[in-house]
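Here is a short tour to read with the model open beside you.

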Amino acid sequence: MSCRFRLYVGCYAEEGSTAIHGYDVKAADGQLVAVADVELVEHASFVTVHPNGCVLYAVSEYSIRDGAVHAFAIEPVSGSLALVDTIPSGGAQPCHLSVDPGGRFLYAANYGSGTVLVRELDEEGGFAPLSSVGQHAGRGPTARQDGPHTHCVLPGPTGENVYAVDLGIDR
């Protein structure tokens, strides 16, 4: 019996070149077998999968304009990805995504603007209408910390709390 794991990798890539690679990883020998390539996303620097295993989310970390979050349906057998929806990330340069353990909310950290997006998800992992954006404020002690730069947002183990880490304000 051969056990398989699926791996998706987001890359800094211009639109039109491969931004997300999908692989099946064979447990016996660690061999990577390509199953999916996506060229529809610019700078897909971070990806995460919904707890149901059926939806992959990817950021578009634009350098100049506001970012986006893309939702892809994962074909369960082949592992291929099909774009389902795209929403604004709630700020500039989104760099991190997470989903609460219950699969009800998607969180996005926007490094360039120091904002955090909270987006409700429907039962299948699609984007629901409800969303909120929180703005961090302040600065840190060094020149590099001239303003907020949120770079990670994670739910706690129960999903009741959310933790946002901000390099720019040292919090």
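## Ground rules

Two strands count as paired if DSSP finds at least two bridges between them. Strands are DSSP runs (E, at least two residues), numbered from the N terminus. This is a predicted model, in which local features need pLDDT of at least 70 and side-chain atom pairs count only at pLDDT 80 or more, while totals for chains, interfaces and linings use all residues. Residues are numbered from 1 along each chain as its sequence is written, and side-chain values use heavy atoms, with hydrogens and water left out.

## The open sheet

Follow the order β4-β5-β6-β7 and you will trace an open, antiparallel sheet of four strands. Its edges are β4 (47-49) and β7 (81-92); each has a single partner strand, so one side of each is left without a neighbour in the sheet.

Three bridges join β4 to the antiparallel strand β5 (residues 55-60). Look here for T48, which stands opposite Y57 in β5.

## Two cores

A nonpolar core is a set of buried Ala, Val, Leu, Ile, Met, Phe, Trp, Tyr and Cys residues joined through side-chain atoms within 4.5 Å; buried means under 20% relative accessible area, with a 1.4 Å probe and protein chains only. The largest has 14 residues, and those touching the most other members are Y8, I20, V41, L56, A58, F72 and L81. At least two residues of this core come from each of β3 (32-38), β5 and β6 (66-74). Apart from it lies another core of 13 residues, including V55 and L106.

## An exposed loop residue

E123 sits in the loop between β10 (115-121) and β11 (127-135). E123 is exposed, at 77% relative accessible area, where exposed means over 50%.
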